[in-house]
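Let's take a friendly walk through this model together. Keep the sequence and the 3D view open as you read.

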Amino acid sequence: MATPTYQPRATPSSDGWRNPPIGGAPSGGGRRLSHEPRPDERQSAAAGPRPQPGFGLKGPRRSPHVLPAESLGSLTLPVAEDGVVIGIDPQNQPAVVNLLRPSPLEVVLVGSMWLAQVLSLRTVATGARVAVETARPPAWAQMAQAAGGGQQCVSVHDVRQIAPQGASVSSPVLVVRDMGARPPRNQLAPGPWQSVLTVLPFLGPRSPQLLARADLVCLQRLSPEEAEVVTRIMRLPAQIGGVLPTLSDNAMLWCTRDSHQFVMTQPTDAETNLLGGARRMD
């Protein structure tokens, strides 16, 4: 059997892994140990008691990251708009709408269930809950099951069977009402952190009242007659109203009585696999 060999051990006079005797002179002809301060540090250190070498780490030896107390007021944290990303604007920038607010918000969508479900999925992605009151529960069941990764983030209720949702700042709720062009009276009014989105496939007899009461309106492609009604109620410029009958399936106009913005929705692969492609009618 071969005789094993070993590396030679460090001698007491070396500066290897062996520690010098406590209280003894440092080895290596008076060389400075790694935990002892340098001579220039001794000279530049402030007067007063110094920590003994070997008792804890010295910590950072420079302080460019330290600010005086009077400078703290100038620190800022840039934060962009928060809310639901609904698509891109004509400048190819993300378009964001805040659907959940501390004040009541009533939204009317004249368009497809497809768009309402995309908005619901993206609202869930922000950490909110969605409660759907609908006359066609099977059409919402698959989306509700897929949303939230198995958690109950979307609940589906029959007409007039929806209960109070207990909305709060830590648990905001978007109530989606999908009951055709003549929706019954709303049982859950908008409130703090509880917004209501009413889906209209087309304009019906009660639509002018709903539009006039809404805080925010989303419009997909309309007929020329519907465009005239909406232009008058929402006080849109005539050229904007003239574009509404020509919108593509994934384009929409978000508007209030004071402003308007065209937006193009770009569904993700997951949204397309679940809901299909963009469409105006379901």
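Start at Gln220, which is buried, with a relative accessible area of 1%; buried means under 20% relative accessible area, exposed over 50%, and partly exposed in between, with a 1.4 Å probe and protein chains only. Gln220 sits in the loop between β8 and α6. Leaving aside residues up to four places away in sequence, Gln220 touches Val110, Gly111, Ser112, Leu115, Leu247, Asp249, Ala251, Met252, Arg279 and Arg280, where contact means heavy atoms within 4.5 Å.

A word on the ground rules: this is a predicted model, in which local features need pLDDT of at least 70 and side-chain atom pairs count only at pLDDT 80 or more, while totals for chains, interfaces and linings use all residues. Residues are numbered from 1 along each chain as its sequence is written, and side-chain values use heavy atoms, with hydrogens and water left out.

Now move on to helix α6, residues 224–233, whose buried residues are Glu226, Ala227, Val230, Thr231 and Ile233. Viewed down the axis of α6, these fall within an arc of 170°, so they line one face of the helix; the arc is that of the directions from the helix axis to the C-beta atoms. Helices (H or I, at least four residues) and strands (E, at least two) are DSSP runs, numbered from the N terminus. The buried residues of α6 pack against α5 (207–213), β8 (216–219) and α7 (238–243). On the face turned away from that buried side, α6 carries the exposed residues Glu225, Glu228 and Arg232. After α6 comes Arg235, with a positive phi near 55°.

Finally, look at Leu75, in the loop between α2 (39–44) and β1 (84–88). Leu75 counts as exposed, at 55% relative accessibility.
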